[in-house]
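Thanks for sending this one over.

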Amino acid sequence: MTDAPPSFELLPGAGRSPVLLHVPHSAREIPRDVRAGIVLDDAELARELDHITDAHTAEIAALAARLAGVTPWRFVNRLSRLVVDPERFSDEREEMRAVGMGAVYTRTTHGAPLRSEGVDAGPLVERYFLPYARAMTEAVGDRLAATGRAVIIDVHSYPSRRLPYELHGQGPRPAVCLGTDSFHTPAALLDAARAVFGETELDTPFRGTYVPLEFYGTRPEVSALMVEIRRDTYMTEPGGPAGPGLERLATALAGLVDAVSR
């Protein structure tokens, strides 16, 4: 663990590309001062990172970017979601607060304490969450200004077996779950995703997709889709190495990028 790893990175694509591959949960890095506030010992923390990290999704996005005919932009979180989860609401709107997993987690995937009771989330929100949100808003705004539209493809993975923290994990667990939003996920984007990924289901076991609040519900030019890849299709669970499925999925993701870049 490093003292001050970069919090996030915007990797440029083609100027004419409207696509932003968003990779929020692929990293395991935790700054030392943040680690000090986590009550797990090192072995417990390593196990939790195995379960909670969307391992190799940054690699999938990077390979997809190389394979795509029009190179997409990539916005990659370089810190673990155990620092802050940039895709949560930072207030009472967040339903995952019910299991201790708001913007700053206080519980693990299995319900054990992660941070001390009554921890003040404010400093972590100020230091990491808000700058991330501002930078994502700017990245989407830049695509709008450059191309007249923005397409956010949210790249995630999820375990083949339900973990205790999942609020909606009782449904099917397809090879690829497509998370949608009624305003920001047009039919053409869904159709393109279904065509390249094959076995998919909508909004099960995870639902919704990420759109910066500045555009949410008001800018139809911003479209978005969450791609949740079941981990056993490309890696050894939990937290193990990637396998040959990674290249297949990256090729499919590149196909989606090309389909929506036209």
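1. A word on terms before we start: contact here means heavy atoms within 4.5 Å. With that in hand, look at H56, which, leaving aside its neighbours within four places in sequence, is in contact with Y234, M235, G240, P241, A242 and L246. Please keep in mind throughout that this is a predicted model.

2. Staying with H56, the residue is found in the loop between α2 and α3, the latter helix covering 57-67. Is H56 buried or exposed? Its relative accessible area is 17%, and because buried means under 20%, H56 counts as buried. The backbone deserves a look too: phi of H56 is near 70 degrees, a positive value in a residue other than glycine.

3. D203 is found in the loop between β6 and β7. Its relative accessible area is 27%, which makes D203 partly exposed, whereas H56 is buried.

4. As background to these backbone points, most residues other than glycine have a negative phi, and most peptide bonds are trans. Another cis peptide bond joins E237 and P238, with omega about -15 degrees. P238 lies in the loop between β7 and α6, a helix that spans 245-261. I would be glad if you could look at both bonds on screen.

5. Now to the overall layout. How many helices and strands does the chain have? There are 6 helices and 7 strands. Read from the N terminus, their order is β-β-α-α-α-β-α-β-β-α-β-β-α, so you can follow the elements along the chain using the DSSP numbering.

6. On overall dimensions, a compact globule of 262 residues would have a radius of gyration near 18 Å, and the chain, at 17 Å, agrees with that. Taken along the principal axes, the C-alpha atoms fill a box of roughly 50 × 35 × 30 Å. Buried residues account for 54% of the 262 residues. As for contacts between residues at least 6 apart in sequence, 78% of them join residues at least 24 apart.

7. The chain carries 28 positive and 36 negative side chains. The centres of these two sets of charges lie 2 Å apart.

8. A search of the whole structure finds 4 aromatic pairs. One of them is F75 with Y132, an edge-to-face pair at 5.0 Å centre to centre, with 75 degrees between the planes. F75 lies in strand β3 (residues 73-77) and Y132 in helix α4 (residues 122-147), so the pair ties together parts that are 57 residues apart in sequence. F75 counts as buried at 1% relative accessibility, and Y132 is buried as well, with a relative accessible area of 2%.

9. Another of the pairs is Y158 with F206, also edge-to-face, at 5.9 Å centre to centre and 70 degrees between the planes. What does this pair tie together? Y158 lies in strand β4 (residues 150-158) and F206 in the loop between β6 (200-202) and β7 (222-230), so the pair links parts that are 48 residues apart in sequence. Both Y158 and F206 are buried.

10. A last stop is E44, found in helix α2 (residues 42-52). With a relative accessible area of 33%, E44 is partly exposed. E44 and L114 are 70 residues apart along the chain, and their C-alpha atoms are separated by 9.9 Å.

Terms used. Residues numbered from 1 in each chain as written. Predicted model: local features only at pLDDT ≥ 70, side-chain atom pairs only at ≥ 80, totals over all residues. Heavy atoms only, no water. Helix = DSSP H or I, 4+ residues; strand = E, 2+ residues; numbered from the N terminus. Rg over C-alpha atoms; globule rule 2.2 N^0.38 Å. Buried < 20%, exposed > 50% of the residue type's maximum accessible area, 1.4 Å probe, protein only. Lys, Arg positive; Asp, Glu negative; His and termini not counted. Charge placed at Lys NZ, Arg CZ, Asp CG, Glu CD. Phe/Tyr/Trp six-rings, centres within 6.5 Å; stacked < 30°, edge-to-face > 60°.
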